[in-house]
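This briefing covers the domain layout, the sheet and the helix packing of one protein. The structure is shown first, and the topics follow in turn.

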Amino acid sequence: MDDRPLTAPHWSEIVGHSRVVSALSRAVVADRPHHAYLLLGPVGLGKMTVARALAAALLCETQRDGACGACPGCSKVRQGMHTALHEIVPGGKSNTIQVDQIQEIQRKLSYRRLQGAWRVVLVDDAGTMNETAQNKLLKTLEEPPEGTVLVLCALHPAQLLQTVRSRCQKLSLGPVDDDALAAWLVNTHGAHAGAARAAAAGSQGIPGRALELLDMETAELRQVRLRHMIAALHGDEQAIAEQIRAVDRDLSGCADAFVLLQELLRDAMVLASESGARRIHADVDARVGQLQGLAPAHYAAWIDRIEVVQEMLSRNVHPGALMEDVLLRMTGRLT
Ligand SMILES: [Zn+2]
C-alpha cells in the first residue's frame with residue numbers, strides 16, 4: 001500500500017520482540033543471515049518493521065549492528081529508492097500478491113549485484129499469494145541468488161505451502177508487554193502517560209492496535225479538554241478553577257493549554273468574520289464564536305498576549321498563577 005511509512009529503523013526502535021531482534025541482529029553482525037525468513041504473527045504486531053530493520057541493517061554502509069540512519073544506504077532505504085531493496089505488497093482489486101509481481105522481482109534479482117553487497121526482498125502479507133505465485137517464488141527460495149535475503153511476513157504458517165515454509169527460517173513474534181508498549185507510546189509517539197497506559201492495556205500486546213487505541217483515547221481526551229476550556233471561557237467558575245488547578249504545577253500542561261486557548265481564539269475570529277475559513281477545532285460547537293466578556297475586536301490582541309505569557313512560562317513563572325490571570329482577564333473578572 002502506498003501510505004505505508006518508509007523507514008530504515010534501527011533495532012533499538014522496535015518495541016518488544018527482543019528474542020527475534022537479537023537473533024536477526026547477530027546474523028547480520030556475523031554477516032551470515034539466513035537466505036529466507038518467515039515472520040509470523042497477527043496484524044499490527046510489527047512484522048514489517050522488523051523486516052525493514054533487518055533490510056536496513058544489511059544495507060547500511062557504515063555499521064553492522066543496526067542501521068545508522070545517516071549513510072547513503074540508510075537514506076535510500078528511507079526514501080524507498082534503494083536499488084537493492086525490493087518490497088512486494090498485495091495490490092489490485094483482490095488485494096493479493098500476483099504471480100507477475102514475483103516474476104518482476106525475479107527479473108531484478110537476475111541482474112548482477114554489487115560485489116559483497118546484500119540484496120533484500122520483503123514480502124508483506126505473503127499469505128495473499130495464490131498457489132501459482134507461491135510456486136513461482138519457490139524457485140527463488142530453492143535456488144536463491146547469491147547475497148539475497150528474502151523476508152516473508154504472514155499471519156499464520158498455514159497460509160503458505162509446506163514447500164515454501166520449509167525453505168524459510170520461521171520466526172514467530174509474540175505479544176509485547178504492556179509496560180514496554182506504554183513507554184513506547186510515550187517516548188516515540190508523544191502520548192500522555194495515562195492515555196498510553198490505557199491504550200497499551202487494551203491492545204493485547206499488539207503495537208499497531210495500541211496506536212489505534214491511543215488515537216481514540218487522545219481524541220476523547222481532546223474533546224474533554226476542549227469542552228472544559230470553552231466552559232471556562234464562558235465564565236463557568238468551576239471550569240475556570242479546574243483549568244487553574246489542572247496546570248498549577250505543570251509547565252508543559254500549561255503550555256499546551258495556552259496553545260489550545262490560542263487555537264480557540266483563532267476559531268472564534270474565523271466565526272466572527274464569517275469568512276467561511278476552516279476552523280482548527282471545527283468539530284466543537286459554534287458557541288466558541290461568542291466568547292463571553294471578550295469582544296471579537298480583542299481576539300487578535302489576546303492571541304498575541306498569550307504568546308507573551310508563553311514566554312513567561314519559560315522563565316519559571318508559576319503556571320497556575322499565569323492561567324488564573326489570563327482566564328480572569330479574558331472573562332472580564334479582572335481588568
Ligand atoms: Zn547507515
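Two residues are taken to be in contact if their C-beta atoms, placed from the backbone, lie within 7 Å. On that basis, seven residues of domain 1 are in contact with seven residues of domain 2. The model is a predicted one.

**Domains**

- The protein is divided into domain 1 (11–174), domain 2 (177–221) and domain 3 (234–330).
- Between the C-alpha centres of domain 1 and domain 2 the distance is 28 Å.

**Sheet**

- An open sheet is formed by five strands in the order β2-β3-β4-β1-β5, with parallel pairing.
- At the edges stand β2 (85–88) and β5 (169–172), each of which pairs on one side only.
- From one strand to the next, the twist averages 15°.
- Four bridges join β2 to strand β3 (residues 119–123) in the parallel sense.
- Within this pair of strands, His86 stands opposite Val121 in β3.
- Helix α2 (residues 47–59) packs on the sheet and touches β1 (36–40), β2, β3 and β4 (148–154).
- The direction of α2 makes about 175° with that of β3.

**Packing of α4 and α5**

- Helix α4 (residues 99–109) and helix α5 (residues 131–142) pack with their axes 8 Å apart, at an angle of about 15°.
- Angles under 35 degrees count as roughly parallel, and α4 and α5 are therefore roughly parallel to each other.
- The crossing of α4 and α5 is left-handed.
- On the α4 side the contact is made by Val99, Ile102, Gln103, Gln106 and Leu109, and on the α5 side by Thr132, Ala133, Lys136, Leu137 and Thr140.
- Classed by residue type, the contact of α4 with α5 has five nonpolar, four polar and one charged residues.

**Packing of α9 and α11**

- Helix α9 (residues 207–233) and helix α11 (residues 251–273) pack with their axes 11 Å apart, at an angle of about 70°.
- Angles of 65 to 115 degrees count as roughly perpendicular, and α9 and α11 are therefore roughly perpendicular to each other.
- The crossing of α9 and α11 is right-handed.
- Helix α9 contributes Arg225, Met229, Ile230 and Leu233 to the contact, while α11 contributes Leu260, Leu261 and Leu264.
- The contact of α9 with α11 has six nonpolar, no polar and one charged residues.

How values were computed
Residues numbered from 1 in each chain as written. Predicted model: local features only at pLDDT ≥ 70, side-chain atom pairs only at ≥ 80, totals over all residues. Domains from an automatic or database assignment. Pairing = 2+ DSSP bridges. Helix = DSSP H or I, 4+ residues; strand = E, 2+ residues; numbered from the N terminus. Axes fitted to C-alpha atoms, helices over the stretch in contact; angles between N-to-C directions. Parallel < 35°, antiparallel > 145°, perpendicular 65-115°, else oblique. Left-handed = near helix turned anticlockwise from the far one by under 90°. Nonpolar A, V, L, I, M, F, W, Y, C, P; charged D, E, K, R; others polar.
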